[in-house]
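Hello,

Here is the structure we talked about handing over. My notes on it follow below.

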Amino acid sequence: MTEVDPSTAERRTFAIISHPDAGKTTLTEKLLLYGGAIQNAGTVKGRKADRHATSDWLTMEQDRGISVTSSVMQFPYAGRILNLLDTPGHEDFSEDTYRVLTAVDSALMVIDAAKGVEERTIKLMDVCRLRDTPIVSFINKLDREGRDPTELLDEVEEVLKIRCAPVTWPIGMGSAFRGVFHLVHDRVHLFSPRHEGGIAHGEIIEGLDNPRLEEVLGADVAENLREEVELVRGASHEFEVEPFLRGELTPVFFGSAVNNFGVEELLSTFVDYAPAPQPREADARVVQPDEEKLTGFVFKIQANMDPQHRDRLAFMRINSGRYRRGMKMYNPRTGKTSQNVSAATFMAREREHADEALPGDIIGLHNHGTIQIGDTFTEGEELRFTGIPNFAPELFRRVMLADPLRSKALVKGLTELSEEGAVQFFRPLEKNDLILGAVGVLQFDVVAQRLKDEYKVECRFEPVNVHTARWVEAEDENELERFRKKAAENLALDAADYLTYLAPTRVNLELTQERWPDIHFSATREH
Ligand code: GDP
């Protein structure tokens, strides 16, 4: 085994989780700004616009001005290399958003101070919890009137079931917002809303007893702050690394992303304490990041919609070893070795060719449909990484075929698109239906478009009475058989022939689970 590469230890591979409009894009931009990857805020949105000119994105994406698939940004910060994986969140929310979270070592959670914990954040936290991913929290938009900070932390603890350790504490909010107090460094960072796209530094006052506080905040605000800090120190959790790394406790920062305020405190704690690339479980064994041989897994596949270049980009996270340009990689699922001459890496500015990539990095592999979601690549070892599941769809449609003679082509198309992770499909045991399942509504449009372009199949979708899906298993074969008979009208097979319960309502699912205690109902399925 070679020396542990110090560059691996410097990697921080993470995603931002939030409800739409909480400030994820704004914060991403500020992270790039602090990382020196961009000079001026405002460039991220510009970058989105340029990307559309480069042809390999969906027409639909251009029409709607959103990105259908998530991207990867790599940038340096304070001697570290940050890999930020985008989690599509608006109309482009999809199963990819969930699966991206299986490829990170930590996550930043952004919460809008006026709105608190919102629905999408709850779902994304559920996914993070599958691997106990460490979470750093940022409470955003303190420059606006929001909710009481203590109440916000209580809500995070109660709803998201994670202990909060405030690291900074806000001084006022809205028009009375004056800055934050750093509970660990014992210093006040004054808010200065002037930023003009660049990095702004407000005054720093060392020590809560510093008389300078009276001068700038006034006697009342300074006194209030001292009392509040004493209360917060007494009543809240202290930041500790171990429970943070176990995903049980989250350090919390307050600030205003749009004003570049509180972002630096957030980032410096993040790069210091967020974990470097972690060991990863595979079927045969646990793989350590400092192993000499390359391993990695595919968590996302992005189709090229340009009919002239129908290749697909498979996003692979490296778990061990070192990727070198042109090296041969083995896929234990297909038993094939392939040479990847043109993998792409992702720098903040543009997609570049990768000469080398390390554990924690993401590379993009060009292929023509030979790679599937969840595939492992090695240098020859028979090994399959686990923990890159399918997630139970939340939206369902019945597929209506325009030309019944195309039904074979339809099933072929749907099977391939489901292997790629674009959609899931289910065939009810008792009906000759095809039911599509997705996590985000745009997935249906993408599938209709791709069926038309790539498989010459025209179809439309109808509403169907399915609320959610659960994969079912049982230790006792007889019990499973009994369930199969009794519940047949709600059972289906998914694209890979796994038995799935399609529940018409939440109540139906709960009752069925109660009635069948020996059947396991799972909201995820391993590939
Ligand atoms: P995303 O949907 O989570 O990516 O959210 P965006 O970053 O696009 O932000 C949503 C809106 O909130 C935009 O209009 C931002 O300008 C605004 N916003 C973001 N951060 C702040 C902040 O700190 N204060 C205020 N007042 N607005 C903010």
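Helix H2 (residues 24-34) gives the most to the shell around the ligand, with three residues. Helices here are DSSP runs of H or I with at least four residues, strands are runs of E with at least two, and both are numbered from the N terminus. There are 17 residues around the ligand, and Lys24, Thr25, Thr26, Ser256 and Val258 come nearest. A residue is near a molecule or strand if its C-beta atom, placed from the backbone, lies within 6 Å of it. By class, the shell holds eight polar, five charged and four nonpolar residues. Ala, Val, Leu, Ile, Met, Phe, Trp, Tyr, Cys and Pro count as nonpolar, Asp, Glu, Lys and Arg as charged, and the others, Gly among them, as polar.

Two points on reading this. The model is predicted: local features need pLDDT of at least 70, side-chain atom pairs count only at pLDDT 80 or more, and totals for chains, interfaces and linings use all residues. Residues are numbered from 1 along each chain as its sequence is written.

Now the chain overall. The protein chain has 15 helices and 33 strands. Of its 527 residues, 43% are buried. Buried means that 20 or more other C-beta atoms lie within 10 Å of the residue's own; 12 or fewer is exposed, in between is partly exposed, and C-beta atoms are placed from the backbone. Among contacts between residues at least 6 apart in sequence, 72% join residues at least 24 apart. A contact needs C-beta atoms, placed from the backbone, within 7 Å.

Next, the core. The largest nonpolar core has 128 residues. Such a core is a set of buried Ala, Val, Leu, Ile, Met, Phe, Trp, Tyr and Cys residues joined through C-beta atoms within 7 Å. Ala15, Leu101, Ala107, Leu108, Val298, Met316 and Ile435 touch the most other members. Leaving aside neighbours within four places in sequence, Val298 is in contact with Ala314, Phe315, Met316, Ile371, Ile373, Gly374 and Asp375.

Then the sheets. Two strands pair if DSSP finds at least two bridges between them. An open sheet of eight strands runs S28-S25-S27-S26-S30-S31-S29-S32, with antiparallel pairing. Its edge strands are S28 (459-463) and S32 (520-522), each pairing on one side only. Neighbouring strands are turned by 40 degrees against each other on average, direction ignored. Strand S25 (residues 395-401) pairs with S28 over five antiparallel bridges, and Val399 stands opposite Phe461 in S28. Helix H13 (residues 442-455) packs on this sheet, touching S25, S27 (435-438) and S28. The direction of H13 makes about 130 degrees with that of S27. Axes are lines fitted to C-alpha atoms, for helices over the stretch in contact, and angles run from 0 to 180 degrees between N-to-C directions.

An open sheet of four strands has the order S7-S8-S9-S10, also with antiparallel pairing. S7 (168-171) and S10 (204-206) each have a single partner strand, so one side of each lacks a neighbour in the sheet. The twist averages 20 degrees from one strand to the next. Four bridges join S7 to S8, with Ile171 opposite Gly179. Four bridges also join S8 (residues 179-182) to S9 (residues 187-190). Across that pair, Val180 faces His189 and His182 faces Arg187. S8 and S9 form a hairpin with four residues between them, where Asp186 has a positive phi of about 55 degrees.

Best wishes

Notes: Two residues are in contact if their C-beta atoms, placed from the backbone, lie within 7 Å.
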